Protein chains: 2
Amino acid sequence: MERYREKGFKLTPQRIAIMKFLEGNKNHPSAEDIYLYVRKTFPTMSFATVYNNLETLREKGHISSLSIDPERRRYDPDTSSHHHLICLKCKMVVDVHADFKVNVPEEQNTAFEVLGSHIEFYGTCPECK
Amino acid sequence: MERYREKGFKLTPQRIAIMKFLEGNKNHPSAEDIYLYVRKTFPTMSFATVYNNLETLREKGHISSLSIDPERRRYDPDTSSHHHLICLKCKMVVDVHADFKVNVPEEQNTAFEVLGSHIEFYGTCPECK
DNA sequence: GTCTTGACAAGAATCATTCTTAAGTGGTAT
DNA sequence: ATACCACTTAAGAATGATTCTTGTCAAGAC
């Protein structure tokens, strides 16, 4: 946790609570999920504070934001390159850790500089079947 | 075009204009792009009509909507399974037609019924480099 | 011709996210 | 310990994409 101390990054209680909630969290929560949880400890916390902190954490590379769910943004404390499996019904998201060798075919790669890729698998989860 | 005639699907001038704009369109336009274009021909057209039609066309399987751009939904007349390459700077989207053999590893596929997958490549386009 | 169904325009409503403002606070330098 | 300053916070307003509502209209079914 100490590794988070750096210039322009203050460890406020609100921020620590958000980080704690996210740490090791595999549920890919939305801003609202985070807000509802952290508000239990900090009843005066504002929604904007959640967004501010998420954006700051993302900038610093501590978390990443996912566009998997078209309805709302989701946040993932796992910043390593991995993929996702999403249930079309309940929208639950499961990590897929595997190193797929995918590359844009040369003839279609029109001078694009490819920096990364993300695979989204979609289907139906066991509960929704 | 005649193939679109079916029960509960009326070919109104507005709808035809939207379909014409989308047909063969490789730019993955947003609802606003479509609205701005079609309004040239139908100045009284409302934004809601664009959304209504896009949703209807999507339901009928004539177009698909993409969540690639976190800012706004984009629409694609190409409903065949393909992937996308997106420029992180200007947000332009290019189709990637290739059949990648990707599968969720057995040990992680916890009884999930996988129906499909979509690969998103991201990077910098020639213009933005 | 009348009925039914789907489509239209216009604008209000919704909802996630961002912005604004004023007041507060952590961490560094003093 | 104190003071300062950049970063944070809370609160609410603002934004912007999308959806919903309402009243009207048109096409095809009967």
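In this predicted model, A:Tyr35, A:Phe47 and A:Tyr51 make up one aromatic cluster. Over all chains, the number of aromatic pairs is eight. One of them joins A:Tyr35 to A:Phe47 in a stacked arrangement, with 4.3 Å from centre to centre and 20 degrees between the planes. The pair counts as stacked because its planes are under 30 degrees apart. It links distant parts of the chain: A:Tyr35 belongs to helix α2 (residues 31–41) of chain A and A:Phe47 to helix α3 (residues 47–59) of chain A, twelve residues apart. A:Tyr35 has 13% relative accessibility and therefore counts as buried, whereas A:Phe47, at 32%, counts as partly exposed.

A pair in chain B is formed by B:Phe100 and B:Phe121. B:Phe100 lies in the loop between β4 (93–96) and β5 (113–124) of chain B, while B:Phe121 is in strand β5 of chain B, so the pair ties together parts that are 21 residues apart in sequence. B:Phe100 is buried, with a relative accessible area of 17%, and B:Phe121 is buried, with a relative accessible area of 2%.

The geometry of these two pairs is as follows.

| Aromatic pair | Centre to centre | Angle between planes | Class |
|---|---|---|---|
| A:Tyr35 and A:Phe47 | 4.3 Å | 20 degrees | stacked |

In chain A, the charged end of A:Arg15 sits over the ring of A:Phe9, at 4.7 Å from the ring centre. In chain B, B:Arg15 lies over the face of B:Phe9, and the distance to the ring centre is 4.7 Å.

The remaining points concern the interface of the two chains. Here 38 residues of chain A are in contact with 38 residues of chain B. Between them, chain A and chain B bury about 3,200 Å², of which 62% is on carbon and sulfur atoms. A:Gln108, A:Phe112 and A:Tyr122 supply 19% of the area that chain A buries against chain B, more than any other three residues.

Between chain A and chain B the count of salt bridges is zero, while ten residue pairs across the interface are in polar contact, with both residues at pLDDT 80 or more. On the side of chain A that touches chain B, β3 (83–87), β4 (93–96) and β5 (113–124) of chain A each supply at least two residues. β5(A) gives the most to that side, with twelve residues.

Methods
Residues are numbered from 1 along each chain as its sequence is written. Chains are lettered from A and ligands numbered from 1 in the order in which they are written. This is a predicted model: local features need pLDDT of at least 70, side-chain atom pairs count only at pLDDT 80 or more; totals for chains, interfaces and linings use all residues. Side-chain values use heavy atoms; hydrogens and water are left out. Rings of Phe, Tyr and Trp (its six-membered ring) pair if their centres lie within 6.5 Å; planes under 30 degrees apart count as stacked, over 60 as edge-to-face and the rest as tilted. Helices (H or I, at least four residues) and strands (E, at least two) are DSSP runs, numbered from the N terminus. Buried means under 20% relative accessible area, exposed over 50%, partly exposed in between (1.4 Å probe, protein chains only). A charge sits over a ring if NZ of Lys or CZ of Arg is within 6 Å of the ring centre and within 35 degrees of the ring normal. Contact means heavy atoms within 4.5 Å. Buried area is the accessible area (1.4 Å probe) that two parts lose on being put together, summed over both. A salt bridge is a side-chain nitrogen of Lys or Arg within 4 Å of a carboxyl oxygen of Asp or Glu. A polar contact is a pair of N or O atoms within 3.5 Å; within protein, one must be able to donate a hydrogen and the other to accept it, and residues adjacent in sequence count only if both atoms are side-chain atoms.
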